[in-house]
Amino acid sequence: MWFFARDPVRDFPFELSPELPEGGPPGPWVLHRGRKKATGSPVSIFVYDVKPGVEEQTQVAKAAFKRLKTLRHPNILAYIDGLETDKCLHIVTEAVTPLGAYLKARVEAGDLKELELSWGLHQIVKALSFLVNDCSLIHNNVCMAAVFVDRAGEWKLGGLDYMYSAQGNGGGPPRKGIPELEQYDPPELADGSGRAVREKWSADMWRLGCLIWEVFNGPLPRAAALRNPGKIPKSLVPHYCELVGANPKVRPNPARFLQNCRAPGGFMNNRFVETNLFLEEIQIKEPAEKQKFFQELSKSLDSFPEDFCRHKVLPQLLTAFEFGNAGAVVLTPLFKVGKFLGAEEYQQKIIPVVVKMFSSTDRAMRIRLLQQMEQFIQYLDEPTVNTQIFPHVMHGFLDTNPAIREQTVKSMLLLAPKLNETNLNVELMKHFARLQAQDEQGPIRCNTTVCLGKIGSYLSASTRHRVLTSAFSRATKDPFAPSRVAGVLGFAATHNLYSMNDCAHKILPVLCSLTVDPERSVRDQAFKAIRSFLSKLESVSEDPTQLAEAEKDVHAASSPGMGGAAASWAGWAVTGVSSLTSKLIRAHPTAAPAETNVPQRPVPEGLPAPAPTPVPATPTTSGHWETQEESKDAEEDGTAADRWDDEDWGSLEQEAESVLAQQDNWSTGGQASWAAQTSNPGHKSQESDWSSWEAEDAWEQGWQEPSPPEPPPEGTRLASEYNWGGPEPSDKGDPFAALSVRREAGAQPRRDSWGDDNWEGLEAESRQAKAELARKKREERRREMEAKRAEKKTAKGPMKLGTRKLD
């Protein structure tokens, strides 16, 4: 029977990378990249090939193998596994890069910062302090070649080949026999003068001085070059001079050197070192200290190295959220670090945490997530949004905190493209209907209208037909002036989604009613929209073949491309309540509607040309629409209505003293105060009308189709019957004045599903007319009953026996 010997190298759970070796410390060790066979995780493998005739070197290599295997410290190269055979030695450590190669790459990329060097030197000095003060070991090989850097940018001390005990047991220091390493020996050992080393750390601190010189100036050519500090920072020069002093007795202990450099104004006294020290001890910190640390961390992340943020800060943030109850404070630094991750790594590390955060009941957590959704929305897939995120976000529409309701509405701008048919066209529209009609905060109602206009292109064709016209019509009746402006601009932004019949019969009547709005900004936008819609209708009227092109998007399926065209045509924006919505919508440049080249209808021959119509968008005087106070403000704010994108309506996140104060001071651009408008009885009646709309059931209950126009009062002449060519005879008077008198005398004001108009007394007049009509009907009914009774009495004959007397 044959027995085959197993190859230990082939059975080793790690394998060398086919790439060329990275080098390593001067000596017999060669550094290779490798990976674990089972998981593919990267490692570094130090390889020593045993050769005959070099037994002394082999013993040094075996001693280094043993030292690295037994020493455990965060700043010493981490041992993972090893292999020792008659032919070779393999030491497997964490994946690292030699310091020399790392610094060269960072300098070439232009990313090397002094903060990074300060923390790296701090780690090496701390490792030396551990060896000397805690283990009584002398490293005896501190140099650039003995330092390595892991993927987080942490410096690790290696090169333990020539380490020996400071207590004298085990013999003296081993002989190196390598000139490249002997140049780092202190002068008391190199000149052979016999001077005794006064302190056990003196030789290693001299070598630390050589390392500092090489970090800032490059490879050390000779020991005499240490006299010139070169590029060493001024704050480090005094402490460096102590290290390379000729007297070994004055060289400081590693612990004392750290203390000196951490003093105020010292080289290692900076935010980066403090952050790293806190992260090393975060497990024993108090919750209040952790909260303060995470709150201040995001301010400093921009100045920290990218690798450090990805591989050291991020794991601590995730751990703090999972097990430390850090709460919402980790969100800002978490998303800031997330910018450094690739798409796949972001999906693996950040998205699971985000999904879990959305189910939190912590209001601070929820509002932070909504505010920063722009940073992670592109990494969320549609199934995750619809099943794990939107059901939780939906609760924000019903929250009692106005700031959460506001942020929830604005987050729909980002979520809408990823929502499915039911969530977008049913659930979301149900909440939008309730918010627009019943929310007591004007800015929330305004932003609901704005958001609906922006996501209108994502809605299905049936939902657009049922919702958009009714929603924007209702917005034009809002007592909050910016909401009325948003309603007008909502029509403009979605102009391509309406048929020509809807434009003529539904939209233009609503817009025309706003031409006499008390607010100039509303009137200006209404006139612009009217001219644009009229131009569109007129172009189709002159060339009916354009009808199909004009209505091509009306019955089209939901498409995000249509929204871009609407935004560029209307140039609308929300400017009121927070920067997120403004940022998203102002990305489309504002473009004025086509109003300068509106084709004029030809004037029939023989008729005088009509007088030119004044342009209301840029009035020179306030006229009878504005009060005297508004006329005074018009001189200062002549262009305020045209730059509504630049106004700042404030934010609900900033607590106002009262709702009235928010309404009076919504604009910082000098807009006329309209507190009197909100106190107007007409506006109160509109609020009561809105509250009667039960929006939770369906859109149809509140946003109804406009009722058909009532026939004109009796005696009204058609427009074609008037003599438009010249003045009316004086004996006939003004026909419009007569019509106005008749309307005031007998006709009831027309009411439709858009709600009452904004003019004073209209609602009271309507109620009086209804009450009078009901009283007349009751009176007529009573008279009819009395007449029937009287008729029965007169026609009554002889009564039969047994019959019941009816009267």
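D524 is buried, with 1% relative accessible area (buried is under 20%, exposed over 50%, partly exposed in between, using a 1.4 Å probe and protein chains only). This is a predicted model, where local features need pLDDT of at least 70 and side-chain atom pairs count only at pLDDT 80 or more, while totals for chains, interfaces and linings use all residues. Residues are numbered from 1 along each chain as its sequence is written, and side-chain values use heavy atoms, leaving out hydrogens and water.

The partner of D524 is R520, joined to it by a salt bridge with the closest N and O atoms 3.5 Å apart (a side-chain nitrogen of Lys or Arg within 4 Å of a carboxyl oxygen of Asp or Glu). R520 also counts as buried, at 14% relative accessibility.

## Bridges across the chain

Let's look further along the sequence. R484 and D517 form a salt bridge, with their closest N and O atoms 2.8 Å apart. R484 lies in helix α22 and D517 in the loop between α23 and α24, so the bridge ties together parts 33 residues apart in sequence. R484 is buried at 0% relative accessibility, and D517 is buried at 2%.

E280 and K126 meet in another salt bridge, at 3.3 Å from N to O. This pair links helix α10 with helix α4, 154 residues apart. E280 is partly exposed at 34%, as is K126 at 29%.

Technical notes. Helix = DSSP H or I, 4+ residues; strand = E, 2+ residues; numbered from the N terminus.
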